[in-house]
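Please keep the model in view while reading.

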Amino acid sequence: MEIDIFKNKLVPKSRILKEEEEKELLEKYNISKKQLPRILVSDPVAKALNAKPGNIIEFTRESKTAGMSKFYRVVVA
Amino acid sequence: MTLPPSIEEQLKELKEMLKLNKAQMEKLRKIAEKQYEKSLIEPGEAVGVVAAQSIGEPGTQLTLRTKLLAGATEMTVTQGLPRLIEIFDARSEPSTPAMTIFLKPSYATSEAKVEEIALRLLEISLEDISKEINVDLLRMRIEIELDPAKMKKFKVKEKDVLKRISEYFKSAKITTGAYKINIKPKEEDMDIKKLYRLRVKLKGLHIAGIKGIKQVLPIKFGNDWIIKTAGSNLKEVLKLPEVDIERTKTNDIFEIWRVLGIEAARNAIIEETLDVLKNQGIEVDVRHIMLVADIMTNDGTIKGIGRYGVSSAKASVLARASFEVPLKHLFSAAVKGEVDELRSVVENVMVNQPVPVGTGMVDLRVKKGDKK
């Protein structure tokens, strides 16, 4: 039986960015994909989203200071 | 400018409380935006050093004692400084793994039900349910005498035990009597040494429950009952239908990484650190801990704050060499022909240049040919 890991409160909401959104994000911060924090393809969240290396995953963190904040990780092999 | 959601919420609350009109609201928002911008960290601020000091100083007040009794029971959990070191060093296993298991509402209220579930969680090995496990040298076999009282207590049936043993020993003659099991291995070259080794293995043979759960303890938490355990196995526990996946947690950060992913591990580092500090009555701003957790999980794996972790990931050779074991780093850098671009702090201190921190971050450039 597979567990739905997104039910756990430690796991933030996450989704794969579309191509336009990726471009927008990289332009906004003026960076390349390589400079983003990473997440492994073998990571349970990346697996659950069926992400491929090169995808960017957006996490909606519940932040103790800001209430809510977005965080991005690029999927690497 | 966009304000963070928590401030937006406060603004909304203020609006309702003071019954502000649109113009007043706009004015308030302007002020809030200005204050928010003021409170942001300036580019070039050495946040890492500030975080290190902010955690390090109160760290001197933490207890050095490793263990503390959790409540009136015999369960021990590492706390204080040893636990803090464990978290930041990213040890792959905590010295005292423990879980807090929450149950779904329909199970959580009745003590009897919770106790029944707790008993099912507990890892039971053959040793736990047997009176004796002996080696019969004369007949070259192992004799097991089961303990009916213990088996009743742990709700283990004799036939399940037999099934487990015959699964484990595919090539052995197994004879049974009343609560007695005799195992005679069929291998030709069986000697006494091997037999004794087999006995040790048999003692630890997993019969029932969840592997890794060494102790269970149902305790009252508000109106509900929860189960605290010594030993941890998040993956298997979450699979149980009675368990509330949302709140159930473990103190094994690497296990959280394996089961729930790197973002969950980051959150776990923050929560565990805050927990340790709160237990000792120390307050450290979350921002510092968030920074440390972000650095530790930056590359998708958990890296400790130390020579093999975060420090080994630094781009500069001199910075790495300045931390610990300089010769090793210098030699390997020489072999690889590494180049140090002197972009960070330590290496610039070494070569007596202004460091790129604060006002040192900015360069002056002159535009040529634009004389007036």
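Helix H6 (residues 111-121) of chain B lies across strands E3 (98-101), E10 and E11 of that chain, running at about 20° to E11(B). Helices (H or I, at least four residues) and strands (E, at least two) are DSSP runs, numbered from the N terminus. Axes are lines fitted to C-alpha atoms, for helices over the stretch in contact, with angles from 0 to 180 degrees between N-to-C directions; contact means heavy atoms within 4.5 Å. The model is predicted: local features need pLDDT of at least 70 and side-chain atom pairs count only at pLDDT 80 or more, whereas totals for chains, interfaces and linings use all residues. Residues are numbered from 1 along each chain as its sequence is written, chains are lettered from A and ligands numbered from 1 in the order in which they are written, and side-chain values use heavy atoms, with hydrogens and water left out.

The strands under this heading belong to an open, antiparallel sheet of 4 strands in chain B, ordered E10-E11-E3-E12. Strands E10 (215-221) and E12 (249-250) of chain B stand at the edges with a single partner strand each, so one side of each has no neighbour in the sheet. Two strands are taken to pair if DSSP finds at least two bridges between them. Strands of a sheet pair through backbone hydrogen bonds, either parallel or antiparallel.

E10(B) pairs with strand E11 (residues 224-230) of chain B in the antiparallel sense over 7 bridges.

How many of the 7 residues of E11(B) are buried? The number is 5, so this strand is largely enclosed by the rest of the structure. Buried means under 20% relative accessible area, exposed over 50%, and partly exposed in between (1.4 Å probe, protein chains only). Ile226(B), a residue of E11(B), is buried, with a relative accessible area of 2%. Leaving aside neighbours within four places in sequence, Ile226(B) has contacts that include Thr100(B), Phe102(B), Leu217(B) and Phe221(B).

Val345(B), in helix H17 (residues 345-350) of chain B, is partly exposed, with a relative accessible area of 32%.
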